[in-house]
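Visitor: I have the sequence and the model open side by side, and I would like to go through a few places with you. Could you guide me?

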Amino acid sequence: MTLGEICRLYFIVKIFLTYGLDELIPRMRLTLPMRLWRRGIFWIPNGHKNEEIGVRMRLAMEQLGPVWIKFGQMLSTRRDLFSPVIADQLSILQDRVAPFDGIKAKEVIEKSIGDPVETWFDDFDIKPLASASIAQAHTATLKSTGKKVVIKVIRPDILPVIKADMKLIYRLARWVPRLLPDGRRLRPMEIVRDYEKNLIAELNLLREAANAIQLRRNFEDSHMLYVPEVYSDYCSENMLVMERIYGIPISDVATLKQHGVNMKLLAERGVQVFFTQVFRDSFFHADMHPGNIFVSYDHPEDPQYIGIDCGIVGSLNKEDKRYLAENFIAFFNRDYRKVAELHVDSGWVPPDTNVEDFEFAIRTVCEPIFERPLAEISFGHVLLNLFSTARRFNMEVQPQLVLLQKTLLYIEGIGRQLYPQLDLWKTAKPFLEEWIKDQIGLPALLRAVKDKAPFWAEKLPELPELFYESVRHHKILQHSVDKLTNNMHAQRTRHYKACYLFGVGATLLLSGTAVLLNRPECDFFPALLMAAGFVTWLIGWRRTN
């Protein structure tokens, strides 16, 4: 461990102790060494005793930087795991992180566009509209069109902090397989590597602009989701300019109800939007925490989501989608045997897994959650039970699905806030059944033919020539095979003849030797036999070469 990593680790421990977060360590025998270290090694007192634990957690994560802020954002959606005191404070991390100086933001913008801000924008507000872990946003007006826009700017000097924290996390990940019995099954290095890739990707706003353009195109003219327009001519790696939207934050349930928004339909559409992105488009917004989602003021009886901040997106290949859809449907139908078989067929569990035992374990975990409203279901509890099941059957964590799992957690947290009675299963099941039917039925065959038709039409004029060439190559190949066969036959015949001559020659040599030994007085006849044997053997030897 380098000196810089040691210093960063000390800083993290210092922040945790300064804000008294060691109070969260459970008081049990297993954690006794950690609590003793607190008092025996680190002499750092709690400097915020008068603050509630939620405030202290938020302040500590803000001070530690973007890696920890992102973690706090995810925790803020799990109100079933934390008290409102903690969840409410962590939700501030979604869009109300302490901003950096607006003058520095203006400098970044001017460096990106190569001109003073006033050259391209009017009414630039030096005070940020919102501030998050990676970037902050300022409002302005485009000089060329008069449209209201939001300018998003990356926090300066943020990359070294991210890299330092990720080095420490990598070191911890390497120790997981050594410290935990089933640590290798969790594949911690792959998960950390994937997390780092997505975190670094957020620092490139050109990538976010491209993601937003793609997502906007996927939901063009949709009444379920609206994605603001991106003005790509003004974008760079450190700056993004997009249409300013006006909506109600998804977390402001009181205002949503005050405006008469159909909360049941809104919650159902959230599930539909997610599954549409995953299964129809294979391209989904993977950072759907409440700070990135709004609801349009228009048509509250027919509510429309507004999605921003497309820095993190996910995609699944055809096999992943098919596997997930079949698993979901099997879960919905309580076909736990099918779920167990799918896990074995996909390689998630070893092929020698006892399917009957695995089926029973899945039934034990999942059966209690069905036919109950979302408010009564704790997915956190279910995930803990599934983790125990995975440990028993050596199920491997799938890194390519980590983003999808995280997004599902966000969907649950949002759904719980909007409409606690939402039946997530009944909302998703018809969509998935229709998708499966569309993938394996006659429409799928016709669509495949339609998709391939232009390629076939392009190759059609070449078919006669291709047919002629194939016949010609077949004849050449057949001639070569016949020639090779004949050569092999001739070689085999020569080999047999050579062996025969070797045998005759050896017999004559032995016979001549025997006659010479038994009848020494016969000089001519034994010599003739031996000479004939030698000549015969020599002829056989020449045939082998």
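Visitor: In which loop is the place of D123, and is D123 buried or exposed?

Guide: This is a predicted model, and in it D123 lies in the loop between β1 and β2 (130-131). Its phi is near 55°, a positive value in a residue other than glycine. Since exposed means over 50% relative accessible area, and D123 has 57%, D123 is exposed.

Visitor: Where is D157 placed, and what is its relative accessible area?

Guide: D157 sits in the loop between β4 and α8 (159-179), and its phi, near 60°, is again a positive value in a residue other than glycine. D157 counts as exposed, with a relative accessible area of 69%.

Visitor: Turning to helix α6, what span does it reach from its first C-alpha to its last?

Guide: Helix α6 runs over residues 102-113, which gives it 12 residues.

Visitor: Which residues of α6 are buried, and how wide an arc do they cover around the axis?

Guide: The buried residues of α6 are G102, A105, V108, I109 and I113. Because the arc they cover around the axis is so limited, they are on the same side of α6, and that arc is only 120°.

Visitor: Against which elements do the buried residues of α6 pack?

Guide: Their partners include one helix, α7 (117-120). The strands against which these buried residues pack are β1 (121-122), β3 (135-142), β4 (148-154) and β6 (239-243).

Visitor: What is found at the start of α6, and which residue takes a positive phi just after α6?

Guide: At the start of the helix, a side-chain oxygen of D101 comes to within 3.1 Å of the backbone nitrogen of I103. Just after α6, the residue with a positive phi, of about 75°, is G114.

Visitor: Which backbone oxygen does the side chain of T18 reach, and how far apart in space are T18 and G47?

Guide: T18 belongs to helix α1 (residues 3-18), and its side chain reaches the backbone oxygen of K14 at 2.6 Å. Once neighbours within four places in sequence are left aside, T18 is in contact with I44, P45, N46, G47 and H48. Of these, G47 is 29 residues from T18 in sequence, while the C-alpha to C-alpha separation in space is 5.4 Å.

Visitor: Is R58 buried or exposed, and which residues does R58 touch?

Guide: R58 is part of helix α3 (residues 53-64). Because buried means under 20% relative accessible area, R58 counts as buried at 14% relative accessibility. Not counting residues up to four places away in sequence, R58 touches Q89, L90, I92 and L93.

Visitor: For the chain as a whole, what share of contacts with a separation of 6 or more comes from residues 24 or more positions apart?

Guide: The chain has 21 helices and 11 strands, and 43% of its 545 residues count as buried. Among its contacts with a separation of 6 or more, the share from residues 24 or more positions apart is 70%.

Methods
Residues are numbered from 1 along each chain as its sequence is written. This is a predicted model: local features need pLDDT of at least 70, side-chain atom pairs count only at pLDDT 80 or more; totals for chains, interfaces and linings use all residues. Side-chain values use heavy atoms; hydrogens and water are left out. Helices (H or I, at least four residues) and strands (E, at least two) are DSSP runs, numbered from the N terminus. The expected span of a helix is 1.5 Å times one less than its number of residues. Buried means under 20% relative accessible area, exposed over 50%, partly exposed in between (1.4 Å probe, protein chains only). The arc is that of the directions from the helix axis to the C-beta atoms. Contact means heavy atoms within 4.5 Å. A polar contact is a pair of N or O atoms within 3.5 Å; within protein, one must be able to donate a hydrogen and the other to accept it, and residues adjacent in sequence count only if both atoms are side-chain atoms.
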